[in-house]
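Let's work through some questions on this structure. Have the sequence and the 3D view ready.

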Amino acid sequence: MKFIDEATIKIYAGDGGNGIATFRREKYEPMGGPSGGDGGRGGSVFFEADQNLNTLVDYRYTRTLKAQRGENGRSAECYGAKGEDLILRVPVGTVISDKATGDSYADLSHHGDRALLAKGGKGGLGNIHFKSSINRAPRQCTKGEPGEEFELYLELKVLADVGLLGMPNAGKSTFIRSVSAAKPKVADYPFTTLHPNLGVVRVGENQSFVIADIPGLIEGASEGAGLGHQFLRHLARTTILLHLVDIAPFDPSVNPVDEARAIVNELKKYDELLYQKPRWLILNKIDMVEDVADKVKAFVKSFGWSGPVYSISAIKGVGCKELTYDIMTFIEENKKIQNEIVISE
């Protein structure tokens, strides 16, 4: 299935049914009064997060969605039936905003979260509501109100604790295959990853975290080079970013330090908040270099890095287990800090 992480749709809540003006026509009731019932309320449009979905593909090809209209009122004081609500199911992590203004309406980040986006119109009044002591035979009735309508932008931001960042062929897909059960495509050419992949990393019996692998960035991604930087949105919810760098590039003319700086620059251009997230430097493919310690020390000095540094070989699993343990510890400590902040507030 093609991975679709954004869509633009128009939604229409149902219009209210019309009220009617009728009179009782019963035997032995020659002066029967008004009996026109109200129209039913139109159906509303709801969005609901469903953990069984992982793409917005259903909304890429169906752009217009309408809830049911309310029925018109009937005689004998019968009210029209309410229009059926329209419930649109989307993947967990979907953000819904106004297409024109960009205002955010809902962030469905948990399974079962539901948001009302468009209310159905009220039903019109039948003539039974207009009866009075001076108007025994009212012929007035009102039409139903129109339902709300919106043009919405749906954006899927995958839910993951850890995000992988790096150039194409830095070894991100190999790493996620090494530490989780996910099996993204791996090949010896760039851009083998064309859509985000999620993997669950189990550290202990009751300890696990979710890691997200997104397509690689290249210099100029903010201007549309390569696959662009649109997939960076999937790192917005992560707790920590792992910046993977190929320390032994196949092309000897490629400078790993320059590539690492290019990634950081693209990250900063895209979103300052994402740039400020905790970020660890992961030097991959150490199995292909000699004097690993000297190579790592020289890279860190040239790159000007002062944060955490890990040396791994994703394809052979060297250093991966220790890295996942440290990530788990960091995530748990971060959750404790966040909980303390919530309690104090």
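Q: Is Ser173 buried or exposed?
A: This is a predicted model, where local features need pLDDT of at least 70, side-chain atom pairs count only at pLDDT 80 or more, and totals for chains, interfaces and linings use all residues. Residues are numbered from 1 along each chain as its sequence is written, and side-chain values use heavy atoms, without hydrogens and water. Buried means under 20% relative accessible area, exposed over 50%, partly exposed in between (1.4 Å probe, protein chains only). Ser173 has 8% relative accessibility, so Ser173 is buried.

Q: Which helix holds Ser173?
A: Helices are DSSP runs (H or I, at least four residues), numbered from the N terminus, and strands are E runs of at least two. Ser173 sits in the run of residues 172-179, helix H2.

Q: Which residues does the UniProt annotation "binding site" cover?
A: The annotation comes from an unreviewed entry. Such annotations may be inferred rather than shown by experiment.

Q: Is Lys277 buried or exposed?
A: Lys277 lies in the loop between helix H4 (272-275) and strand E13 (279-284). Its relative accessibility is 19%, so Lys277 counts as buried.

Q: Which residues does Lys277 touch?
A: Contact means heavy atoms within 4.5 Å. Leaving out residues up to four places away in sequence, Lys277 touches Leu235, Ala236, Arg237, Thr238 and Leu241.
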